Structure formats: C-alpha cells, structure tokens
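Open the model in your viewer and keep the selection tool at hand. The tour goes from one selection to the next.

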Amino acid sequence: MTTYTARPIAPEVLKDLRTTDDAGRPVSAITDDEGGAPLRCCLRHSEPGERIALVSYAPLRRWAAETGAEPGPYDEQGPVFIHAEECAGPREDGLAFTNAHRVLRRYSAEGRILGGELVEEGFGDEDLHKAFDDPSVALVHVRAVEYGCFYYEVRRA
C-alpha cells in the first residue's frame with residue numbers, strides 16, 4: 001500500500017506569505033508565549049517563545065497556478081500559522097496533525113470539490129487510500145473539523 005506524505009506549504013510560497021499574505025495584507029509576526037499553534041511550514045505545533053505569524057493562505061489557488069486547474073468558486077482562503085522567519089521544514093515524513101478528527105476534502109484535477117469525509121483521531125494511510133480510490137481525485141486537503149482550516153495537502157502518488 002502507498003505511504004502518503006503531508007505536504008507543507010512550499011518554501012517559495014512561504015517566502016511570499018511572510019511579506020504579504022494571499023489576502024494582500026502585510027504580515028505581522030508575534031512571539032507565541034504559550035505554544036501549540038499548528039504550523040503549516042514545518043507541520044508541528046509551535047513551542048513557547050517562537051516567532052510566528054497568522055496569515056491568509058489560498059491553498060487551492062496556489063495548487064491551481066502550478067497545475068493549470070481553474071477552481072472557480074472553490075478558490076478559498078483562510079488563516080494558517082507559519083514561522084515568521086524561514087524554518088527547516090518538517091522533521092519527518094508521513095502524516096501530521098493526526099491527533100484529532102479531521103476532514104479529508106477531495107478535489108479533481110480541474111480544482112472542483114469531489115466530496116469530503118470525516119476521519120477519526122489517528123487517521124492514516126488507509127483513510128487516504130480510500131480518498132484516492134476514485135481515479136478522478138487529484139488532491140486531498142486535510143482540514144480541521146471545527147473551523148474548516150487547512151492543515152496540509154496530499155497529492156496522488
């Protein structure tokens with residue numbers, strides 16, 4: 001069976017987002033006194049004292065620009081935490097943020113939503129294998145249940 005890997009926000013995109021986010025706003029960094037923010041640059045929770053920023057990110061728009069897809073009204077943007085300065089990226093391969101229920105939102109190569117599925121805490125490759133069982137699925141977003149926030153994407157292997 002395929003082993004799926006969480007794809008953090010790409011370094012070249014992070015460079016842009018650290019200046020101006022996808023909503024066109026300048027970025028304002030803060031010191032995270034408490035820690036625990038889910039960082040989309042390195043796919044781990046922040047530690048107390050780290051400099052982070054909350055930015056608006058349009059994951060499907062960025063993917064569509066890379067692939068030529070046209071997501072139309074499915075082009076959405078939302079808040080994500082990133083390190084305020086460049087970081088080393090994920091420490092390990094595999095899936096991240098599996099510590100809670102998530103939604104796996106499926107997209108076609110054209111950028112259209114093909115559905116979503118609620119997965120349990122501890123979700124894994126089996127759940128993603130099921131999401132990619134439909135050959136028209138090109139991309140899966142892992143999202144928060146409560147607010148729908150984007151965590152990361154997984155692409156067809």
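**Stop 1: a hairpin and its sheet**

Select the hairpin of β6 and β7: four residues lie between the strands, and G111 takes a positive phi near 90 degrees there. Before going further, note that this is a predicted model, in which local features need pLDDT of at least 70 and side-chain atom pairs count only at pLDDT 80 or more, while totals for chains, interfaces and linings use all residues. Residues are numbered from 1 along each chain as its sequence is written, and side-chain values use heavy atoms, with hydrogens and water left out.

Element names follow DSSP runs numbered from the N terminus (helices are H or I, at least four residues; strands are E, at least two). Strands pair if DSSP finds at least two bridges between them.

Six bridges hold the antiparallel pair β6 and β7; select V103 and its bridge partner in β7, L118. On to β8 (residues 137–144), which is antiparallel to β6 (residues 102–108) and joined to it by seven bridges. Here R105 has H141 as its bridge partner.

Now show the whole open sheet, four strands in the order β7-β6-β8-β9 with antiparallel pairing. Its edge strands, β7 (113–119) and β9 (150–155), each pair on one side only. On average, neighbouring strands are turned by 20 degrees against each other, direction ignored.

**Stop 2: the helix across the sheet**

Select α2, residues 59–67, which lies across β6, β8 and β9 and runs at about 160 degrees to β8. Contact means heavy atoms within 4.5 Å. Axes are lines fitted to C-alpha atoms, for helices over the stretch in contact, and angles run from 0 to 180 degrees between N-to-C directions.

**Stop 3: an aromatic pair**

Rings of Phe, Tyr and Trp (its six-membered ring) pair if their centres lie within 6.5 Å; planes under 30 degrees apart count as stacked, over 60 as edge-to-face and the rest as tilted. Y4 sits in the segment before α1 and F132 in the loop between α3 (125–131) and β8, 128 residues apart. By this rule there are three aromatic pairs.
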